[in-house]
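Okay, everyone, thanks for coming.

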Amino acid sequence: MECKMMIVMRKLHYITALLIAVLASGCAPIFEESYDSLKLDYTEFSVAATAEKALVSIYYSGAWEASLTEGTTWAKLEKVSGNGITQNRILFIKNTGPVRKTVLTITADNGNKWTVDVTQKASSNAYLQFE
């Protein structure tokens with residue numbers, strides 16, 4: 001009887017050790033992305049005349065500020081500042097005229113800047129534009 005008890009105790013010991021190993025492996029730290037340098041997906045993009053919004057991903061682990069070219073009245077940023085890796089939306093007013101352009105500037109707290117040339121296409125109404 002004593003021998004069977006030892007075998008059972010040994011099996012319980014192995015099961016306990018296995019359970020602890022499984023639980024401990026589940027506690028591994030979660031990988032978190034970190035960006036020391038500012039990065040965006042684009043340096044330029046265009047949207048349709050009827051576009052309502054565009055999504056811009058910001059890859060930077062610190063604080064940042066966003067702005068559009070001064071005087072831009074047909075586009076607006078959803079957020080003008082933030083912290084960490086995130087997304088920001090540019091909201092547009094429908095274009096009923098010629099092509100419109102602005103520059104999105106993201107400035108990181110480390111001094112890095114990223115600019116994106118943003119173009120909203122002309123409306124389907126015929127307009128001549130000379131550049």
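How many bridges join strand 2 to strand 9, and do they run parallel or antiparallel? Four bridges join them, and the two run parallel. Strands here are DSSP runs (E, at least two residues), helices are H or I runs of at least four, and both are numbered from the N terminus. Two strands count as paired if DSSP finds at least two bridges between them.

A quick word on where this comes from. It's a predicted model, so to speak: local features need pLDDT of at least 70, side-chain atom pairs count only at pLDDT 80 or more, and totals for chains, interfaces and linings use all residues. Residues are numbered from 1 along each chain as its sequence is written, and side-chain values use heavy atoms, with hydrogens and water left out.

Now the overall layout. The chain has one helix and nine strands, and the helix leads in the pattern α-β-β-β-β-β-β-β-β-β.

Val-47 stands opposite Gln-120 in strand 9, and Gln-120 deserves a stop. Gln-120 is buried, with a relative accessible area of 0%. What does the side chain of Gln-120 reach at 3.2 Å? The backbone oxygen of Ile-93. There's also a polar contact of 2.6 Å between the side chains of Gln-120 and Arg-100. By polar contact I mean a pair of N or O atoms within 3.5 Å; within protein, one must be able to donate a hydrogen and the other to accept it, and residues adjacent in sequence count only if both atoms are side-chain atoms. Leaving aside neighbours within four places in sequence, Gln-120 is in contact (heavy atoms within 4.5 Å) with residues including Val-47, Trp-74 and Phe-92.

Strand 9 has another partner too. Strand 8 and strand 9 pair in the antiparallel sense over eight bridges, with Lys-101 and Thr-119 as one of the bridge pairs. They form a hairpin with four residues between them, and Gly-111 in the turn has a positive phi of about 95°. On to strand 4: five bridges join it to strand 8, again antiparallel, and Glu-65 has Thr-107 as its bridge partner.

Then there's an open sheet of four strands, in the order 1-3-7-5, with antiparallel pairing. Its edge strands are strand 1 (39-40) and strand 5, each pairing on one side only. Strand 5 and strand 7 share three bridges, and Ala-75 is partnered with Phe-92 in strand 7.

Last stop, the core. A nonpolar core is a set of buried Ala, Val, Leu, Ile, Met, Phe, Trp, Tyr and Cys residues joined through side-chain atoms within 4.5 Å. The largest one has 22 residues, and among those touching the most other members are Phe-45, Ile-90, Phe-92 and Val-118. Strands 2, 7 and 9 are among the elements giving it two or more residues. Ile-90, for one, touches residues including Phe-45, Leu-104 and Val-118.

Note on methods: Buried means under 20% relative accessible area, exposed over 50%, partly exposed in between (1.4 Å probe, protein chains only).
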